Amino acid sequence: MKVNYRQLSIMVFMSFIALKFLALPSLLYIESKNMSLFVALILMIVDGLYVFVLLDLMKKSEEKNIYEFMKSCLGPVLTKAILILLILKYALVVGNISKGLKFFVVENLYSEYNWFVFVLPLMILIGFMIYKGVRNIARVSEMVCWAIVIGLIYIALKALSGVDVLSFLPIFKDGFKPLVNSAWIHISWFGSATFMFMMFGFVDFKDEKKSKMIKYIIFAILIVQLLYFVFYGLFEVTCPTHNYCISDISQFSSTYSAIDELSWLVVSMWIVAQAVQLALYSYCIAQALKFLFDIKGNIVSIIIVMLYLLAWSFLGENTIKMEQIFFTPFASIITFIAQYILPLLLEIAFAIKKVNKNKKKVKNERNEKEVKVNI
Amino acid sequence: MKEMKKKLKSIFSPKKLVLWLCILILIFTVPSFNKSAMSQTQAIVTMLCVDKIDDKIKVAATVLTPSQDKKANFQVYSGEGETLGYAVDSVSLAIGKEMGFAQCKIMALGENICKDGVMQVLDYMTRTKKVGRNAVLVAFTGDVLDFTQAIVDLNLGKSLRLDKIVSFDKRYILTQDSNIETFYIGYYSPISLGIMSKVKLITNETFNSIQVGSNATNSSGSSSSTTSTTNGENNEKFIMNDGTVSLFKDGKHYIDMTLDEVKKANIFVNNAQKGTVVVEGVTDHIYNNAKVVVNILKKDISIKTSFKDGVPIYSTDVSLTVYIDEVIEENPSEKLLRRNQDFLTNALIVKIEEKMESDMREIISYCQNNDVDLLGVYKYFYALENKKFEEYLEKVGIKNYLDGIDYQIDIKVKSEN
């Protein structure tokens, strides 16, 4: 079951905005202060460029899945090592989304909420979505996408009047070093195109329009920039104390109620978007596990993913602090390699393979000619 | 293995997943029928008033008790302790319920706690007790319990409520939110200036002595509550909002601004669109030594910063669109009754501009004398002239930077027509 180009564009769009509206803006502010907007902007543009590198690779793969494609270019050993790396990257994203969702639901939305009540139906839902395949995830993304977009714009515009533009000035006061530092530390929140590795062989390029993908990427960047502009302009120096960007903006713009009624709807829709992303990256883990261990069928890999989710939900909080993994050089290196090195490596490997193939072809033709001459 | 896979497939088949979901819903919902209502274990606090009396923290909370007749039932409870935590716990102990602050929309801080510093209170309430940062923040005078009781009476009266009063302040007087978040932003800014509305608790004797709206230039817009009787005595307590605004430096109460001063400061603020200017002694072909009240319809402010010979220049261009509200004259000329005539004469415009400039100069002096940056001078220079301003700050120091600035004012008045 393949997804069409439009659905892929929407999935890219959702992936670009999904992780950006909880703790990330406040974390960025710690290092890069009022220049955090630029950190997000630069990394998202780079992510956008890599979408096209991956699309190019997808076309070159000639309908092969990522495992077959990498195996043909890099050989089986390196392919398996890369699959492990990708699983780690996806596991980080899944861990981050589930952690973000957990704290958002338990601490921000409800008081004394039993996480168990939330996580079990969510796990069943995600298991079902993985079971149904990527097209199902793409369709759900299509369904919720515009509701989320309208909601986010509504929240941003509602609070826009409270923004103090002066708080963004002066720009680049401390040079570019804080920007680079911040980008490196929080790079694991980006790399939004990595899910596309598992889409190799699952995309129908019949109705391909590059402009469509460009539009969705630009739109995602603009929405994130708008929300961040409002967030940094509203909270200024107190930004690092706001861990729930989306709800804090809506809370601040409605003075006399916790969150007004419409914002509740938006926040709820946004939780749906997070669940879809959770399903997408869980699907990616399941797929990568299938390739890695040559598992046939979906059930075993789904069970492994479910167990991982369960582990994050119940053990993660007490035994391993998410921050200890997610904000370490370990996470940054994994994301950097998976998102920014791997596609280039594959491009180079494919080019070398092509050159070798051509050389072989020329050599064969020459041999044939020599044989003919000899005859 | 194959059989196991088949079994798993059949367990997770879409049809059976729905069944699983139903079972899960039953598992989670049925046990909750047995639980007591949250309102029986948690008190819904809607407002918390805090003050310090003789080294002890005293708190009073309004607790909402849901009732069947749909009428909000507020009760006031108070407690005290060596720390805020102990004081809050003592209230919990008294009512036998945990204090739930998720719905706490108002935090009122008494005079003594304001003098000692409010940051610890705000930190405890927002971090530990999870009071929303959009909770209205007001300073108050008077006894904690009496103040809280008077607020409850206001709420029962429906027509007047503290949050509405502060909301009015936001639109017309303070021109910014008076809540925990804005206070934090002010506190953590380089000039550490926090602002909040101040409401007063007065007795009926004091209330009767106040002249409400005695004249247009110096009106003290006061609002009163329904009466409240405490201790069975005829000692009525009123809430009065006279537009006073409290300024805090480093989290401690520093100075109070009167309504008149706030209005003058608002001339510099673009958010404060409404306003009144009163000029006296206008004489020309229409007016004869008239006192004219002019209402501001629209205000455009442009603030520019520059440096000349190392001196920072803060120039404010104000463009006002006005209409004439009242003309007070002993023997009004019949010209005043003529239609199709522009009553905004040149003489009047000059008078308005003079008055506005003198008001603005007054507030600049107020800021310099009291070392409070109400006009956002620091922010403008830091943002727009960063390097030069930092050099200037190094020379004069952060405490005296307001004094060495050249304030230039340009006012243009035009008629609504």
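Trainee: Is Asp294(A) buried or exposed?
Mentor: In this predicted model, local features need pLDDT of at least 70 and side-chain atom pairs count only at pLDDT 80 or more, while totals for chains, interfaces and linings use all residues. Residues are numbered from 1 along each chain as its sequence is written, and chains are lettered from A and ligands numbered from 1 in the order in which they are written. With C-beta atoms placed from the backbone, a residue is buried if 20 or more others lie within 10 Å of its own, exposed if 12 or fewer, and partly exposed in between. Asp294(A) has 8 other C-beta atoms within 10 Å, so the word is exposed.

Trainee: What is the phi of Asp294(A)?
Mentor: Asp294(A) sits in the loop between H11 and helix H12 (299-314) of chain A; helices (H or I, at least four residues) and strands (E, at least two) are DSSP runs numbered from the N terminus. Most residues other than glycine have a negative phi. Asp294(A) is not a glycine, yet its phi is positive, at about 55°.

Trainee: What is the radius of gyration of chain A?
Mentor: The globule rule is 2.2 Å times the number of residues to the power 0.38, and the radius is taken over C-alpha atoms. For 375 residues a compact globule would come out near 21 Å, and chain A agrees with this, having 22 Å.

Trainee: Moving to chain B, which strands stand at the edges of the open sheet?
Mentor: The four strands are ordered E11-E12-E13-E14 with mixed pairing, where a pair needs at least two DSSP bridges. Two of them, at 275-282 and 406-415, have a single partner strand each, so one side of each is left without a neighbour in the sheet: E11 and E14.

Trainee: What is the bridge partner of Lys298(B) in E13(B)?
Mentor: Strand E12 (residues 290-308) and strand E13 (residues 311-328) of chain B run antiparallel, joined by 17 bridges. In E13(B), Lys298(B) has as its partner Thr321(B).

Trainee: At roughly what angle do the axes of H11(B) and H12(B) cross?
Mentor: Axes are lines fitted to C-alpha atoms, for helices over the stretch in contact, with angles from 0 to 180 degrees between N-to-C directions. Contact (C-beta atoms, placed from the backbone, within 7 Å) is made by residues including Lys264(B) of H11(B) and Tyr366(B) of H12(B). The axes come within 9 Å, and they cross at roughly 110°.

Conventions: Two residues are in contact if their C-beta atoms, placed from the backbone, lie within 7 Å.
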